[in-house]
Amino acid sequence: MRLDGRRRSGNISDRRGMSSGRKIGIGGGIIGVIILAAVTLLGGGNIGDVIGNLMGGMGSQSYTSSAYEPTAEDERLAELASKVLAGTEDVWTREFRRQGWGEYECPEMVLYTGEVNSACGHATSQVGPFYCSADRTVYIDLDFFKDMESSIGAGGDFAYAYVIAHEVGHHVQYLLGTLGEAHDAMARMSESEANKMSVRLELQADFYAGVWASIDNEMFASIEPGDVENAVNAASRIGDDYLQRKAYGREIPDSFNHGRSSQRVAWLTKGLQTGNPRLGDTFTPAYSEL
């Protein structure tokens, strides 16, 4: 991904090396991460419930410094995250005005290591990147990007950018009212039906990530050979079916809440090909047709 000369976002809070004083973890190594990923990877829509269930609720908002020495790769990934976030700011500011959606309100991003407190609860890095609508913030432990490559073979800067753009996609849903309406509906549904609504949210966030990539490339010529393939590969490896087969050896369709690999690839690709945020209606089609 071509980011040379691009500006960095001013909406980043760097909490790497800071601890909230709570040491809550989830064991299991790679398999544990994959099982969690099947539930929460790239989550955002119901991340408050996920964090609450896994971590036991809200923790202290105080932070203390701990020994942390970022590597050169850590700093490179932090720069990448900042520049990609800036790209989402530029793209969605333009698109909100163009679509008549009013002024785009940029989200914040928090970089952290190990654990973090958000307005949605206390989380460890094993939850994965998430968007919290309560404080309009994307949270990322940059080690997650390294884990993407080592655990599920989904590496590359454009794949990492896709993760960030997907979480920002949840922020777009929040600003447009889609996220709140879906959550209200989910509260009245059975678990299986609520999962289907979650899938619709996640696929639309994938679509918005593709729209961002298309327009960002139009504005900044950011896509290089191999980038799209890396993003599509990442999307194919974070489908519920793929992750469940890897973790459990079988699929549990009623528990899907992010979508099949084929669905995630299709909606990301549609966003990339069209660059039109109005073509991402994942709520009207029958569930079987997504």
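**Helix H5 and its packing partners**

Let's start at one contact. On the H5 side, Phe 158, Ala 159 and Tyr 162 meet H8 through Asp 227, Val 228, Asn 230, Ala 231, Ala 234 and Ala 235. By class, that contact has seven nonpolar residues, one polar and one charged. Keep in mind that this is a predicted model.

Now the geometry. H5 covers residues 157-176, and H8 covers 227-236. Their axes come within 7 Å and cross at roughly 55 degrees. H5 and H8 are therefore oblique to each other. The crossing is right-handed.

Stay with H8 for a moment. Which residues of H8 are buried? They are Asp 227, Ala 231, Ala 234 and Ala 235. Look down the axis of H8: the buried residues fall within an arc of 100 degrees, so they line one face of the helix. What covers them? H5 is part of the cover for the buried residues of H8, and so are helix H4, residues 143-152, and helix H10, residues 261-274.

Next, H5 against H3. The two axes are 10 Å apart, and the helices pack at an angle of about 40 degrees. That makes H3 oblique to H5. H3 passes H5 in a right-handed crossing. From H3, the contact uses Arg 76, Leu 77, Leu 80, Ala 81, Val 84, Leu 85, Thr 88, Trp 92 and Phe 96. From H5, it uses Asp 157, Tyr 160, Ala 161, Ile 164, Val 168, Val 172, Leu 175 and Leu 176. By class, the contact of H3 with H5 has 14 nonpolar residues, one polar and two charged.

Now a loop residue, Tyr 104. Where is Tyr 104 found? It is in the loop between helix H3, residues 72-99, and strand E4, residues 108-112. Buried or exposed? Tyr 104 counts as buried, at 7% relative accessibility. Leaving aside neighbours within four places in sequence, Tyr 104 is in contact with Thr 88, Glu 89, Trp 92, Thr 93, Phe 96, Val 168, His 171, Val 172 and Leu 175. Take Trp 92. Tyr 104 and Trp 92 are 12 residues apart along the chain, and their C-alpha atoms are separated by 6.5 Å.

Last stop, Arg 6. This residue is found in the segment before strand E1, residues 12-15. Its relative accessible area is 13%, and Arg 6 is buried. What does Arg 6 touch? Not counting residues up to four places away in sequence, Arg 6 touches Lys 83, Gly 87, Asp 216, Phe 220 and Ser 222.

Methods. Residues are numbered from 1 along each chain as its sequence is written. This is a predicted model: local features need pLDDT of at least 70, side-chain atom pairs count only at pLDDT 80 or more; totals for chains, interfaces and linings use all residues. Side-chain values use heavy atoms; hydrogens and water are left out. Axes are lines fitted to C-alpha atoms, for helices over the stretch in contact, and angles run from 0 to 180 degrees between N-to-C directions. Helices (H or I, at least four residues) and strands (E, at least two) are DSSP runs, numbered from the N terminus. Angles under 35 degrees count as roughly parallel, over 145 as roughly antiparallel, 65 to 115 as roughly perpendicular and the rest as oblique. A crossing is left-handed if the near helix is turned anticlockwise from the far one by less than a right angle, and right-handed if clockwise. Contact means heavy atoms within 4.5 Å. Ala, Val, Leu, Ile, Met, Phe, Trp, Tyr, Cys and Pro count as nonpolar, Asp, Glu, Lys and Arg as charged, and the others, Gly among them, as polar. Buried means under 20% relative accessible area, exposed over 50%, partly exposed in between (1.4 Å probe, protein chains only). The arc is that of the directions from the helix axis to the C-beta atoms.
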